[in-house]
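Dear colleague,

I am passing on the structure we spoke about, together with some notes on what was found in it. Please look through it alongside the text that follows.

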Amino acid sequence: MTQARQQLAEQLAEAVAKALEEDLGRQERVLLIVSGGSTPVPFFQALAAKPLAWERVDITLADERWVDAESSDSNARLVRENLLQGNAAAAHFVPLTSSASTPEEGVAEVARRTAGLAWPASVIILGMGGDGHTASLFPDSQELGLALATDEPLVAVRTPSQPQPRITFSAARLHQASRHILHITGDDKRTVLASALSGDDVRQLPIRAFLSCPLAIYWAP
Ligand code: 6PG
């Protein structure tokens, strides 16, 4: 972990804690949506240490891989091991996992479980892959058009670039937040973002679906 990435994670944790605190001052429950992958780990650890009324915070994920909850690829496991620690252990975590046998069957169960959360979310933190995907809105997935256009909250996604199917909140659902943040690191992702900002098609670079939210960008080399 470079010093710049650690500092970025701490700045982001400070900003997210402040936003949650503001919303906790006027709402009984608040919703925080985080992303998986490797980038958020130091941010999760910094946020977990913040003193907040965590017992009134619901946390869920923007997307999940269709794997066993104990798999090292599980985003739910990532959240449990890095964010639901310290002060944040008191938060209520709602995983996007399902007992169904396929992700296509699982979306209904996950939709029911997440429908009662305090939408719009206080904060959604998105990540981005080198191909411009965000959440599980992948440029090469057959379901991208559906995930961008549907009013349904969740979509099952299969894409040749990923080893497992995914469940993702749709773009419409992920638009339902008071604050959108993009957390990315590395020069390669900065180049992809510059391309998205300069107008490539949303089907080529799905992150474009969120550029007008507006999106606060947290980047470090
Ligand atoms: C996931 C995500 C995904 C992630 C990007 C960036 O489950 O993989 O939610 O959208 O944010 O792929 O991942 P990295 O942080 O590992 O680069």
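**Surroundings of His183**

Leaving aside residues up to four places away in sequence, His183 touches Leu8, Leu12, Thr39, Pro40, Phe43, Ile125, Leu126, Gly127 and Tyr218, where contact means heavy atoms within 4.5 Å. This is a predicted model, in which local features need pLDDT of at least 70 and side-chain atom pairs count only at pLDDT 80 or more, while totals for chains, interfaces and linings use all residues. Residues are numbered from 1 along each chain as its sequence is written, and side-chain values use heavy atoms, with hydrogens and water left out.

His183 lies in strand β8 (residues 177-185), strands being DSSP runs of E of at least two residues and helices runs of H or I of at least four, numbered from the N terminus. With a relative accessibility of 4%, His183 counts as buried (under 20% relative accessible area, with a 1.4 Å probe and protein chains only).

**Helices**

The axes of α2 (residues 41-48) and α3 (residues 75-82) come within 9 Å and cross at roughly 40°, the axes being lines fitted to C-alpha atoms over the stretch in contact and the angles running from 0 to 180 degrees between N-to-C directions. In this pair, Val41, Phe44, Gln45 and Ala48 of α2 meet Leu78, Val79 and Asn82 of α3.

In helix α4 (residues 103-115), the buried residues are Pro103, Gly106, Val107, Val110 and Thr114, and these pack against β2 (57-61), β4 (92-94), β6 (154-157) and β7 (166-169).

Note on methods: Buried < 20%, exposed > 50% of the residue type's maximum accessible area, 1.4 Å probe, protein only.
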